[in-house]
Amino acid sequence: MFHVVDTEAFDRKRLDQLCELATAVRRVAKTAEGSRFLQQLLPTRRAMLYFTQPSTRTFLSMNNACHVLGIRTSEIRDPEVSSEVKGETFEDSIRTFSSYVDLIVMRTPEPGYAARAAALMDTIPRPVPIINAGSGRDQHPTQALLDIYTLERSFEDRGGIDGRTIGMMGDLKRGRTVRSLSRLMCHYEDVRLVYIAPPAFEIEPDIRAFLDSHEIAYVETGRLHEVLPELDAIYVTRMQSEHDTAGESANVDLSDFSIDERELAQMKPDAVIMHPLPRGREIHPRVDADPRAMYWRQERNGMWMRVALLATIFDSQDAILEADTRGLYRED
Ligand code: NCD
């Protein structure tokens, strides 16, 4: 069993294994027999999805990733309908969920709660794994996993992520996806990061300290057009207005930090455009038709990567890899 509270849960070996497994799952799931094989792997397992902050993709992809493996799910998405309104503590609520299920996937508007849940598990007789599906402004480790998988797939025939120049743009101050993805970059060789944001939304000192201590090369700039031609990938993010404390978003103009036809013309022909979604105006919908637009595939990759993660947590990875290697469920 292992918790996924932050990106510390993964090293390069684990990342490579998860990417390989996600691809195996994708191939096996292509046929009806393959899907049935996956569904009978974990039918005795149950998962709790505890999402007290809005979510579309992470919730649905986790839910459906569970179902791909036959894991049954229950959910609480609104704290108003749980006993926390009667004054039950967070710890007691989590302990209660753990009494009924084998895994808790959780998202909270505030940082630190997934870590608290994992710490609680070390003190009770029937601990279950905790997966952090987004902890306030802090971390979003499973998003970073699917981002890594999408980058690896995109650069498959160019030697993978090692040696690439990757831009990250938008509200870098409050975006947890950028924080988590930046941290995973310490497992790749010769990666250069280019952070593109207005001064008000620059990366926070903790990311700089992390990059410095891991000797990851990075630059920060407010000028997208100067750096666009050198990027192998650009990871675009939206304004994180839900984290406003005093209406900060209203005072920042992100219109120079967006992708449209003019930017497409300046990008490398084989560059990759990613976005964790949901998007605001930072990627024009007409960009979707460009072959470099990877965000819809990235979204679907999220489900396969979460299947890979769940299969690893419940020790079903070998069965999937074997089925894939032996081509048991391939289309003819
Ligand atoms: C991200 C999140 O929730 O942090 N969304 C997601 O999980 N796909 C990014 C965002 O909301 O901007």
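Guide: A residue counts as near a molecule if one of its heavy atoms lies within 4 Å of it. Keep in mind that this is a predicted model.

Visitor: Okay. Which residues surround the ligand?
Guide: They are Thr-58, Arg-107, His-140, Gln-143, Arg-176, Thr-177, Arg-238, Gln-240, Pro-276, Leu-277 and Pro-278.

Visitor: And how does that shell divide by class?
Guide: The shell around the ligand has 5 polar, 3 nonpolar and 3 charged residues.

Visitor: What lies 2.9 Å from an oxygen atom of the ligand?
Guide: A polar side-chain atom of Thr-58. His-140 also has a side-chain N or O atom 2.8 Å from a ligand oxygen. For Arg-107, a side-chain N or O atom is 3.1 Å from an oxygen of the ligand.

Visitor: How much of the ligand does the protein cover?
Guide: The cover is 94%. That is out of the 310 Å² of accessible area that the ligand has on its own.

Visitor: What is the space taken by the ligand?
Guide: The ligand takes the space of the largest pocket. The volume of that pocket is about 460 Å³.

Visitor: Which lining residues are closest to the centre of the largest pocket?
Guide: Arg-107, Arg-176, Arg-238, Glu-242 and Pro-278. The pocket has 21 lining residues.

Visitor: Which elements give two or more residues to that lining?
Guide: Helix H3 (57-68) and helix H7 (176-184) do.

Visitor: How many polar residues are in the lining of the largest pocket?
Guide: There are 12 polar residues, along with 5 charged and 4 nonpolar ones.

Visitor: New topic. How many cavities of 30 Å³ or more turn up in the whole structure?
Guide: The search finds 1. The largest cavity holds about 80 Å³ of space.

Visitor: How does one look for empty space, anyway?
Guide: A probe the size of a water molecule is rolled over the atoms, and this shows where empty space is left.

Visitor: Which residues line the largest cavity?
Guide: Among them are Arg-57, Thr-58, Ser-61, Gln-143, Leu-146, His-275, Pro-276 and Leu-277. Thr-58, Gln-143, Pro-276 and Leu-277 also belong to the ligand's surroundings.

Visitor: Which element gives the most to the lining of that cavity?
Guide: H11 does, with 4 residues. The elements giving two or more are H3, helix H6 (141-154) and helix H11 (295-313).

Visitor: How do the cavity's lining residues divide by class?
Guide: Into 4 nonpolar, 5 polar and 3 charged.

Visitor: Now the backbone. Which residues does a cis peptide bond join?
Guide: Leu-277 and Pro-278, with omega about 5°. Pro-278 sits in the loop between strand S9 (272-274) and H11. Both residues are also in the shell around the ligand.

Visitor: Which residue has a positive phi although it is not a glycine?
Guide: Asp-190, with a phi of about 55°.

Visitor: Where does Asp-190 lie?
Guide: In the loop between H7 and strand S6 (192-196).

Note on methods:
Residues numbered from 1 in each chain as written. Predicted model: local features only at pLDDT ≥ 70, side-chain atom pairs only at ≥ 80, totals over all residues. Heavy atoms only, no water. Polar contact = N/O pair within 3.5 Å; in protein donor to acceptor, adjacent residues only side chain to side chain. Areas by Shrake-Rupley, 256 points an atom, 1.4 Å probe, with all protein chains shown as cover. 1 Å grid on protein atoms, 1.4 Å probe; cavity = no way out; pocket = protein on both sides within 12 Å on 5 of 7 lines; lining within 4 Å. Sits in = over half its atoms within 2 Å of the grid points. Nonpolar A, V, L, I, M, F, W, Y, C, P; charged D, E, K, R; others polar. Points joined across faces, edges and corners; volume = space filled by probe spheres on them.
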